[in-house]
Amino acid sequence: MNWVTRFYLALRGNGWFQPNAAGGLLPFPFAWQAWLMTLGLVLLLLATIWLPNAVAWAARIALATLYILVGMLTYEQPDRPPQ
């Protein structure tokens, strides 16, 4: 479990993603790591074309969920003034 904690702390809040301008669920890529991850997501989603129908849908849902989770994990909110 130690490697999971180290991986989490290495990714947490490092600013790969930022808020989506349209207010959507998917985080917007900001750093090159996030752009590379987004390209990988698109390529993997396209690769699900050759999977059987039920497996393809499960893979697409899992990929989208993983993308959102990693995006939220590395998400960095812009600084807001105290209220």
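Visitor: How many aromatic pairs does the count come to here?
Guide: This is a predicted model, so to speak: local features need pLDDT of at least 70, side-chain atom pairs count only at pLDDT 80 or more, and totals for chains, interfaces and linings use all residues. Residues are numbered from 1 along each chain as its sequence is written, and side-chain values use heavy atoms, leaving out hydrogens and water. Rings of Phe, Tyr and Trp (its six-membered ring) pair if their centres lie within 6.5 Å, as stacked (planes under 30 degrees apart), edge-to-face (over 60) or tilted (the rest). By this rule, the count of aromatic pairs is zero.

Visitor: Which ring does the charged end of R60 sit over?
Guide: Sitting over a ring takes CZ of Arg or NZ of Lys within 6 Å of the ring centre and within 35 degrees of the ring normal. For R60 the distance is 5.1 Å, and the ring belongs to W57.

Visitor: Is T38 buried or exposed?
Guide: T38 is found in helix α2, residues 32-47. Its relative accessibility is 17%. Under 20% (1.4 Å probe, protein chains only) is buried, over 50% exposed and in between partly exposed, so T38 counts as buried.

Visitor: What does T38 touch?
Guide: Contact means heavy atoms within 4.5 Å. Not counting residues up to four places away in sequence, T38 touches F17, P29 and Y67.

Visitor: Are α2 and α3 roughly parallel or antiparallel?
Guide: α3 covers residues 53-73, and its axis lies 10 Å from that of α2. Their packing angle is about 170 degrees. Therefore α2 and α3 are roughly antiparallel.

Methods. Helix = DSSP H or I, 4+ residues; strand = E, 2+ residues; numbered from the N terminus. Axes fitted to C-alpha atoms, helices over the stretch in contact; angles between N-to-C directions. Parallel < 35°, antiparallel > 145°, perpendicular 65-115°, else oblique.
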